[in-house]
Amino acid sequence: MRKLKAARKNWELYLLLILPVAYFIIFRYVPMYGVQIAFKDFTPRAGIWGSPWVGFQYFREFFESYNFWTIIKNTVLLSLLNLLISFPIPVIIAILLNQLAREKLKKFVQTVIYAPYFISTVVLAGMIIVFLSPNSGLINHLIGAFGGEPVLFMSEAGWFRPIYILSTVWQETGFATIIYLAALAGIDPHLHEAAVVDGANKWQRIRHIDLTGILPTITVLFILAVGNLMNVGFEKAFLLQTDLNIDASEIISTYVYKIGIQRAQYSFSAAIGLFNAAINLVLLLIVNRTAKKISGNGLF
Amino acid sequence: MFQMKRKLKSDIAFDVANFIVLGGFTLMILYPLYFIVIASISDPNQIYAGNVWLWPKSITFDGYRRIFSDNTIWIGYRNSLFYAALAAVISSVLTVMAAYPLSRKDLYGRNAFMMIFVVTLFFNGGIIPTYLLVKNLHMINTIWAVVLPGAVDAFAIIIARTFFQSLPDELREAAAIDGCTNLRYIWSIVVPLSKPIIAVLVLLAVVRQWNGFFDALIYVNDSSLYPLQLILRNILIQNQPSGDMLTDITTLVAQQKVTELIKFGVIIVAALPLLTLYPLLQRYFVKGVMIGSVKG
């Protein structure tokens, strides 16, 4: 009764919540409900509800399709390499930045390295293409200046992953340092002072004070990154994809787009998307559990 | 002085190494941006010959002239500005409407409501079911398809809620004693006090909308509704400057060279608004990321 009274007193708050909740139900929960078309033979005429169930038929079709292993391999390799290379770099840069004594220099470096975050993926892909162009590109001019032959970066499958990962490092490192810098700022300066008195050098202080201090932050961000492992960005892969590098650049998300949106095979591509999401969820749970066991902190 | 005496040899080595690594990294970020600028005002023949490294060569503004005399770029700019403004309003209003009630400890059912939002951070329907929803709502080829599906997310709600929780309870109690209703309190006290967080929400929405192209790619095929990013994609990725840009050039080789020049210019034109604004807005962004990282 008392709770009901309290709720009535705050009726205005519930009024405010109606619109956002409605938005989330329509734009987030209705698509979740729609996921069932992965198990149905969906036709727009019959609708989600009216289409007949087919069980795991579309999953089986995907597992048996001739390019299944290529797509899985590409997705896993690209995301794994991306994680291994672009995850630790912001930690290192943040620690180095934190050691810069001159405040002005630090501010300048920060301002510069945040900048690429504000560049759109389309512009980034465009920059990559002009820089790597075989006859006018900067990189090939440089190779030429050292007497090398021009490299056809965009049309060789072997170059796709390095390009993808390096450009991620270029674009996202700076912004990713913000959280680590905040965590480093939270470390008690007395620890450093005490260590200096004990004769510790900078390297030792970084290892034993800074790194230990931000370990919880690193763990949480790492879990989140692993939980998103299979979600390597659609946009950049799609924009950098050419007919000639498709052997390395076709990943689950680009494949879902092609099958689903371009060829309108809704059920088949929804099944692929769901398969991807399921792997993500399993990864997230495994890593969260492991992290909790090892370091005592996890996401949930 | 104390510091100087204490400086270890290994620390000096560290500082030097640090300087080199950070300097190298900063240069690696800065040079490509700088190169685009000088390339966009250099003669394309000089770029082809590999003569442009540190300074523009044979300065020409031909690229910009062609870009600005073309309609499609302007249409894209106008559309993107409009979408960004609309998304900012929808996003910040809905986010505040969700976040404020959730910040109130006396809201009955608070955790249940919170769950409704947070679940969407971990689960989503995926591309195809979302596409079908937008299609069923008859939003294909309308501005709503570009603006609405991504307008509000749970992450922004958590950020805003964390901020609202930091407002002192006494303020509301005092207002309540004076007979202030909840809505009145939000409008005349909470909103004015929340300018920093509202700025963060607006910025997040504007950057996302200005830079995004996926929604427009799948939901819009009417070129008069194209946002800037989709038009850029045609020029930059698909190598198709729109008709007016190349009409007066006859040979294929010259066309190709001018296309390259146009690409450099277009990159500047597209990236400039946010790149010039962000140093001013940086602190809001940093604040946003940091409030968001506090456990909600």
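Which domains does the domain assignment of chain B give?

## Domains of chain B

The assignment, automatic or taken from a database, gives domain 1 (16–59) and domain 2 (70–293). This is a predicted model, where local features need pLDDT of at least 70, side-chain atom pairs count only at pLDDT 80 or more, and totals for chains, interfaces and linings use all residues. Residues are numbered from 1 along each chain as its sequence is written, chains are lettered from A in the order written, and side-chain values use heavy atoms, leaving out hydrogens and water.

The centres of the two domains of chain B, taken over C-alpha atoms, are 32 Å apart. Where they touch (heavy atoms within 4.5 Å), domain 1 of chain B puts in 10 residues and domain 2 of chain B eight. Together they bury about 870 Å², meaning accessible area (1.4 Å probe) lost by the two parts on being put together, summed over both. On the domain 1 side, Ile36(B), Pro44(B) and Tyr48(B) lose the most area, together 55% of what that side buries.

## Where chain B meets chain A

Here 96 residues of chain B contact 87 of chain A. The buried area is about 8500 Å², with 79% from carbon and sulfur atoms.

You'll find one salt bridge between the chains, that is, a Lys or Arg side-chain nitrogen within 4 Å of an Asp or Glu carboxyl oxygen. It pairs Asp15(B) with Lys202(A), the closest N and O atoms being 2.7 Å apart. Helix H2 (residues 9–40) of chain B gives the most to its side, 18 residues; helices here are DSSP runs (H or I) of at least four residues.

Definitions and conventions:
Helices (H or I, at least four residues) and strands (E, at least two) are DSSP runs, numbered from the N terminus.
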